[in-house]
Amino acid sequence: MADSPAPGDSVLLIERANRVAALTLNRPSVLNAFNDQLLADLLAALRDAERDPDIRAIIITGAGRAFCAGQDLQSRREIFERGDVPHLGAGLRDRYKPLIMRLRTLEKPIIAAVNGVAAGAGCGLALACDIRIAAEAATLSTAFARVGLACDSGTSFFLPRLVGLGRALELGFTGEAISAGEAERIGLVNHVYPAEDLMARTQELAERLAHGATRAIGLIKRDMNRAIAVDLETALDYEAYQQEIAGKTADFREGVMAFTEKRQPRYTGE
Ligand code: T3D
């Protein structure tokens with residue numbers, strides 16, 4: 001079976017509408033597993049979205065029935081068949097680390113629309129997004145230990161912060177898939193919707209954010225990224241530093257003017 005999209009199709013589809021870029025992982029026959037091309041294209045698309053002032057929110061989703069099944073294991077099988085030894089550390093530093101870092105440092109909201117199974121690095125990808133919205137039938141699984149690997153793609157960083165250490169360790173050790181409903185209950189996903197509503201509801205939220213004070217949203221993301229890894233005093237100082245920046249944005253001026261003039265604000269993201 002072909003492991004890629006139809007000839008001429010890209011492994012990553014990019015759609016832009018109403019200030020939102022929607023990135024669709026497009027290797028449905030292998031549940032959108034990551035190969036080098038998909039990782040490179042996703043990183044490039046995020047870089048483009050970061051630089052484009054017309055794009056103020058990003059959605060990541062998967063084509064077909066899956067979100068992403070993690071690293072393409074067929075390519076790992078080929079290493080063993082050649083009699084080679086896998087050197088996974090270098091690949092993680094060169095391909096996954098830049099992707100996860102880009103997701104966290106990109107100062108625009110990124111929403112994972114988890115349309116189906118998210119496993120291994122596919123689960124890691126979802127966890128590294130700012131907000132996760134799942135279809136009712138979606139499942140999330142660390143999966144790594146089931147194929148004899150430790151957690152990667154930021155999973156060991158984000159999972160305990162999202163669900164607490166005890167739950168994170170169990171999910172890591174077992175690699176068991178949890179349902180979207182259970183993921184919502186433990187704080188791993190923000191919202192769950194019927195499959196037919198998933199993209200519309202995700203687009204709706206993305207557009208709302210994209211028409212908001214997106215400079216402030218970027219600063220909030222930067223703040224919270226920092227705050228989860230430092231002590232309170234450092235976090236308070238960093239908030240003051242960030243707010244100094246926010247206070248000088250056109251959006252803050254507009255927010256104050258709109259409030260005092262009793263009208264809706266028109267934010268430009270500047
Ligand atoms: O290597 C490094 O660089 C280190 C980084 C590692 C990061 C990782 O992500 S390691 C973890 C990799 N992912 C997994 O272990 C998950 C593997 N997949 C599965 O366990 C199952 O496919 C699912 C639970 C995700 C879904 O199960 P199911 O029954 O719904 O579907 P299926 O029949 O297993 O999969 C459908 C097809 O997709 C199938 O191909 P076929 O038989 O129709 O030709 C299957 O082989 C293919 N597929 C699914 N996942 C992968 C994959 N092909 C390559 N790589 C995959 N990860």
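**Exercise 1. Identify which residues around the ligand come nearest, and describe the shell.**

Solution. The model is predicted: local features need pLDDT of at least 70, side-chain atom pairs count only at pLDDT 80 or more, and totals for chains, interfaces and linings use all residues. Residues are numbered from 1 along each chain as its sequence is written, and side-chain values use heavy atoms, with hydrogens and water left out.

Step 1. There are 21 residues around the ligand, and Arg65, Gln71, Leu73, Arg76 and Ala121 come nearest (a residue is near if one of its heavy atoms lies within 4 Å).

Step 2. By class, the shell has 12 nonpolar, 4 polar and 5 charged residues. Here Ala, Val, Leu, Ile, Met, Phe, Trp, Tyr, Cys and Pro count as nonpolar, Asp, Glu, Lys and Arg as charged, and the others, Gly among them, as polar.

Step 3. At least two shell residues come from each of α2 (73-81) and α3 (88-105) (helices are DSSP runs of H or I, at least four residues, and strands are runs of E, at least two, numbered from the N terminus).

**Exercise 2. Find which polar backbone atoms lie 2.9 Å from a ligand nitrogen.**

Solution. Step 1. A polar contact is a pair of N or O atoms within 3.5 Å; within protein, one must be able to donate a hydrogen and the other to accept it, and residues adjacent in sequence count only if both atoms are side-chain atoms.

Step 2. Ala69 has a polar backbone atom 2.9 Å from a ligand nitrogen, and Leu73 has one at 2.9 Å from a ligand nitrogen.

Step 3. A ligand oxygen lies 2.8 Å from a polar backbone atom of Ala121. Of the 1000 Å² of accessible area that the ligand has on its own, the protein covers 66% (Shrake-Rupley method, 1.4 Å probe; for residues, only the protein chains shown count as cover).

**Exercise 3. Decide whether Asn32 is buried or exposed, and list what its side chain reaches.**

Solution. Step 1. Asn32 sits in the loop between β2 (20-25) and α1 (36-51).

Step 2. Asn32 is buried because its relative accessibility is 0% (buried means under 20%, exposed over 50%, partly exposed in between, with a 1.4 Å probe and protein chains only).

Step 3. The Asn32 side chain reaches the backbone oxygen of Ala63 at 2.9 Å and that of Phe67 at 3.3 Å.

**Exercise 4. Locate the salt bridge between Asp130 and Arg104.**

Solution. Step 1. The N to O distance is 2.7 Å (a salt bridge is a side-chain nitrogen of Lys or Arg within 4 Å of a carboxyl oxygen of Asp or Glu).

Step 2. Asp130 lies in the loop between α4 (121-128) and β7 (131-135), and Arg104 in helix α3, 26 residues apart.

Step 3. Asp130 is partly exposed at 22%, whereas Arg104 is buried at 15%.
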